[in-house]
Amino acid sequence: MKFLRKTFDNAHAFLNKSEKTKKYFPLVDALDTLVFTPNHTTQSGAHVRDAIDLKRTMMLVIIALVPSLLFGMYNIGLQHYYVQGIMAPPFFDAFLHGALRILPIIVVSYGAGLGVEFIFAIKNGHTVHEGFLVSGMLIPLIMPIDTPLWMVGVGTVFAVVIGKEVFGGTGMNIMNIALTARAFLFFAYPTKLSGNKVWISGFSEMQASGQLADGASGATPLGNLAATGIAQEKAAKLMGLAANAAPEKAAKMQEEATRLVAEAEVLMSKVPSLFEAFTGFYTGSVGESSTIAILIGAALLLQTGVASWKVMVSFFLGGLLMAFTLNMVGGNSYLELPALRQVFLGGFMFGMAFMITDPVT
């Protein structure tokens, strides 16, 4: 540690020798304050003196994200083998496959985002803001695994520049950076971030080469629910038309309606049970599927005081109340799904633990 401290001190001394090199101070300061707690303190005003600062807070959030990241790595590999008909792949093979797919996305996310942060810090003469330490990890975790790397880079740069820097940097932004990146990419490239081919690594390539097992699908639970609703709606429409059609035509319509009802039942059976939704072994964004992994991270945030239990509990109860309300309304496959399964599927729990607890959000 003494060697590192001396190295940073020498770097600061070198940069302070001339006005030309002083502007690059943020580059060294960012690494210095990441490794060591800053040695400067406030001398006036109302402040809480504490060993923790914003960088240390952000690092705690990153540690809380690790369970979701590790589970995501394994689940990515697991789903990759599932669609090939390999239902019990070796743990290490599945984990290694997932790790090799997600790590490049993380590298691109941090590289693009911190690159923009450094440019703005040097241009404006201030230290590098700490906020992207967490955003750089959140962005890969809320993306489909087959999102092209160039797209991750473009979305990250857009989110940092338009979502944060134009408002003045960390603490001044009016939007969550990770969600800004996700929303931008979804609306800019809808065919690349939706459908059934982006949620399983290498799905398109396996499909083209004939490696997929019969009936294999890359649909997410919410995708299957949507398809269920479409099939049910078509079946109901055909049955209505059959009532006023000629006997021969009506028979064909009823046959097709029966087929669609059976298809809807198969699709509905693919929607994870409450236990499966809680554990997370299904297709979805990298870090959003496992409620267990998310709750482990949430517990760390609560234990360290980084997040407020009032925010989490109110968010969860609000979502659960709305889900129960929608159950009473009914009308389609989404609304009729039991309330707990509604909140455990998709990104709801991930949002509760890591999105709404962000200080700015």
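What is the volume of the largest cavity? Let us work up to that and more with a few exercises.

**Before you start**

This is a predicted model, in which local features need pLDDT of at least 70 and side-chain atom pairs count only at pLDDT 80 or more, while totals for chains, interfaces and linings use all residues. Residues are numbered from 1 along each chain as its sequence is written, and side-chain values use heavy atoms, with hydrogens and water left out.

**Exercise 1. Describe the chain as a whole.**

Step 1: Begin with the helices and strands, which are DSSP runs numbered from the N terminus (helices: H or I, at least four residues; strands: E, at least two). The chain has 16 helices and zero strands.

Step 2: Turn to burial, where buried means under 20% relative accessible area, exposed over 50%, and partly exposed in between (1.4 Å probe, protein chains only). Of the 361 residues in the chain, 44% are buried.

Step 3: Look at contacts, meaning heavy atoms within 4.5 Å. Among those between residues at least 6 apart in sequence, 67% join residues at least 24 apart.

**Exercise 2. Find the cavity and list what surrounds it.**

Step 1: Recall the idea. Rolling a probe the size of a water molecule over the atoms shows where empty space is left. Here a cavity is a set of points, on a 1 Å grid over the protein atoms alone, where a 1.4 Å probe fits but cannot get out; lining residues have an atom within 4 Å of a point. Grid points are joined across faces, edges and corners, and a volume is the space filled by probe spheres set on the points.

Step 2: Count and size. The structure holds one cavity of 30 Å³ or more, and the volume of the largest cavity is about 60 Å³.

Step 3: Read the lining. Its residues include Gly 72, Gln 79, Trp 199, Tyr 282 and Thr 283.

Step 4: Sort by class, with Ala, Val, Leu, Ile, Met, Phe, Trp, Tyr, Cys and Pro as nonpolar, Asp, Glu, Lys and Arg as charged, and the others, Gly among them, as polar. The lining has five nonpolar, six polar and no charged residues.

**Exercise 3. Is Thr 283 buried or exposed?**

Step 1: Locate Thr 283 in the loop between helix 12 (274–279) and helix 13 (291–303).

Step 2: Thr 283 counts as buried because its relative accessible area is 8%.

Step 3: Beyond residues up to four places away in sequence, Thr 283 touches several others, including Gln 79, Trp 199 and Pro 221.

Step 4: Compare Ser 290, which lies in the loop between helix 12 and helix 13. Ser 290 is buried, at 5% relative accessibility. From Ser 290 to Met 349 there are 59 residues in sequence and 8.8 Å in space, C-alpha to C-alpha.

**Exercise 4. Explore the nonpolar cores.**

Step 1: A nonpolar core is a set of buried Ala, Val, Leu, Ile, Met, Phe, Trp, Tyr and Cys residues joined through side-chain atoms within 4.5 Å. The largest one has 57 residues, and Leu 65, Leu 138 and Phe 354 are among those with the most contacts inside it. Helix 4 (residues 54–82) gives the most to this core, with eight residues.

Step 2: Set aside neighbours within four places in sequence, and Leu 138 is in contact with Leu 65, Ala 178, Phe 350, Phe 354 and Met 355.

Step 3: Apart from this core lies another, of seven residues, including Ala 242 and Met 253.

**Exercise 5. Why does Ile 52 count as partly exposed?**

Step 1: Find Ile 52 in the loop between helix 3 (25–35) and helix 4.

Step 2: Ile 52 is partly exposed because its relative accessible area is 36%.

Step 3: Leaving out residues up to four places away in sequence, Ile 52 touches Thr 57 and Leu 60.

Technical notes:
On a 1 Å grid over the protein atoms alone, a cavity is a set of points where a 1.4 Å probe fits but cannot get out, and a pocket is an open set with protein on both sides within 12 Å along at least five of seven lines; lining residues have an atom within 4 Å of a point.
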